[in-house]
Amino acid sequence: MHIVVVTKATPDTGAKITVENGVPTWKEAMVINPWDEYSVTEAVVLKEEHKAKVTIMAVGPAEHDDALKQGLAIGCDEAIRVWDEALVGHDSLQYARALAAAIKKLGDVTLVIFGKEFADSGSNQHIYQTARLLGFQVLGSVSKLISLDFGAGTIKVERSVEQGKQTVSSKLPAVLGVLKDITEPRYPSFIGIRKAAKAQIPVWGLSDLGIEAGTPKATILSYSEPPKREGEVEFIEGESPREIAEKLAEKLLEEKVL
Amino acid sequence: MDFALTEEHKMIRQMVRDFAMKEVYPTIKEWDRRQEMNPEILPRMAELGILGINIPVRYGGQGMDYISLALACEELERVDTTLRVIMSVHMGLNSMALFQWGTEEQKQRFLVPQARGEKYAAFCLTEPNAGSDVAALQATARREGDVYILNGEKMWISLATKAHHFLVIAKTDPHADPPHHGMTAFIVTSDMRGVKTGDIHGKLGVRAGSTGWVVMENVEVPLENRLGEEGEGFYIAMSALDNGRYTVAAGATGLIRACLEDSIKYCHERSTFGKPIAKHQLVQQKIAYMQQWYDAAFLLVMRAGWMKNAGLRNTRETSMAKWYATDMSVQAALEAVQIHGAYGFSDEYDVERYLRNSKGAVIYEGTSEIHQLMQAGYALGLREDRPLRCELPAYDPEYWQAEASEIAVGD
């Protein structure tokens, strides 16, 4: 019973990001990808319920170590970072190849959990690509884990889809992409912080994984800042709250906000 | 010399910051207006281990050092003073005193549940007619066989209506000369017959906290609840204040930071005379002073914490940190309100709460004037600290973090 939860460090959602010479920059510290606060907690909850082992993984340079340590402090058993200079400028498929090779190297993983997406790039294709490369079932947009039976090799989840809530059962091994509803994020515990602070995180390179980096199919050429929004303020006045509300509703309909 | 925080310290700071910002900040104005304590705060701080942060694991705590306590207090008061007040009384004034002075049996009975957060703790020294003039306190403890009979009224007691355990200072010898030799410390529990408590409303600040009174009418306190020896109460109280004041200083540092951070944000948002107010030199001067106050307060607190970790007596250094940080937190809050202009005068922004909250800490746990007298006394050679029978133990990570069962026989 071995669970892998995947994370990365992203800029704080409150960070002020500017683009200089086509490169995004910010001063604030990196934080664990906000969606992963849910997936990491869910992995730790499952560890406690099923006496499973949880390994937290990231693909990337040393700046991702803090996110891995956060995972250890929340309760993951081990952390592994996958990185190789040959992966600089990687696309999502290269990322997924490296990650899938690392998961295969662990040998006994039956469940891989991702947060819904990476908050910085807004991308989630790596979830599906990793599942495909591993040959695992993939269940995206999971809002609730109904049952998990490592012995029988089955999992039942609830997915949030356009039509409503969808209940799905699947064979293990599986890859999950989880939403915020899955659980309440936990803070690191003090004992976890002590363990995480002392941890030396191993780095697996491509030679450790026995794969080549390959070449990216897609390349990011540059970034540019979105155009600045010009805001206008208009006070809606009236004799009574009802009149003000009616005027406001009319205005919102007129401007096609509603 | 090393000014760097450890990775452990940084993670603790972030954890406490996240808790305070996510779970307390969103509703603090509402609780402050209602003059009530959010009932979820104490159980949540207990659950997260914050209430036992620097108590050894064997006594139910989390085994962190004294610097960690300060960092937690700074983050808590960054959001609201009431959170830090909890740490001052539960941890600084009570739990650390039990750790320093308690017998093994007392630690097991009282400290373990307090560090686990199963019981909350408070400190009862101040009375309606005795604050800075500690020797004037009137509460009495009369020994009758194996019990003491306690009578008296304690006032301005934080967590008065929430705490299960009170560390009470009373006079066992009202005629002692000097008077402080007649004081003794007791652990009184809220379920003892004759203990009554209540909250005080209408305070200037710290309105989302519990501050109240404790009345004792012929309360029978068993002999085994006496902390330290008979006549040692004054020394126990003063050493407890060395720890309480440390948390107050650390918290006030957080309050200065709150004023600074909020002011910086507002400076960039608000424009006058065609430019952001951050571009006005007199506003910049206020920001510069706040930064100076924060840096100096933080360093004073860290020095006191370093001394605690090393097991060095730190009464003077802690007093200096408390005096400076709390005085400057009042100044920082005044300047923050000034920078916010008329908006700072309303509770639409947080700075008016910072100002109201800042004022209490220059009065409790030694007024600023008392600290000035202490500092002058040390400088002039009129005051010196004599060794205590029980000193606060130096931080030893191995001892702190080992489970009781891991300790070798004979330790």
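## Gly238 in chain A

A:Gly238 sits in the loop between helix H6 (206–209) and helix H7 (241–254) of chain A. Helices here are DSSP runs of H or I with at least four residues, strands are runs of E with at least two, and both are numbered from the N terminus. This is a predicted model, where local features need pLDDT of at least 70 and side-chain atom pairs count only at pLDDT 80 or more, while totals for chains, interfaces and linings use all residues. Residues are numbered from 1 along each chain as its sequence is written, and chains are lettered from A and ligands numbered from 1 in the order in which they are written.

Is A:Gly238 buried or exposed? A:Gly238 counts as exposed because it has 12 C-beta neighbours inside 10 Å. The cut-offs, using C-beta atoms placed from the backbone, go like this: 20 or more other C-beta atoms within 10 Å of a residue's own is buried, 12 or fewer is exposed, and in between is partly exposed.

Leaving out residues up to four places away in sequence, A:Gly238 touches A:Glu243, A:Ile244 and A:Lys247. Contact means that the C-beta atoms of two residues, placed from the backbone, lie within 7 Å. Now look back along the chain to A:Pro227: it is 11 residues from A:Gly238, yet their C-alpha atoms are separated by 35 Å.

## A covered helix

Helix H2 of chain A, residues 65–74, is mostly covered, with 10 of its 10 residues buried. Just past H2(A) comes A:Gly75, with a positive phi of about 140°.

## Two cis prolines

Most residues other than glycine have a negative phi, and most peptide bonds are trans. In chain A, the bond from A:Leu172 to A:Pro173 is cis, with omega near 0°; A:Pro173 lies in the loop between strand S11 (164–171) and strand S12 (174–178).

Chain B has a cis bond from B:Asp177 to B:Pro178, again with omega near 0°. B:Pro178 belongs to the loop between strand S4 (165–171) and strand S5 (183–189) of chain B.

## Positive phi in chain B

B:Asn218 is not a glycine, but its phi is positive, about 50°. You'll find B:Asn218 in strand S7, residues 211–222 of chain B, and it is exposed, with 10 other C-beta atoms within 10 Å.

B:Glu365, also a residue other than glycine, has a positive phi near 55°. B:Glu365 is in the loop between helix H10 (351–360) and helix H11 (368–379) of chain B. With 28 other C-beta atoms within 10 Å, B:Glu365 is buried.
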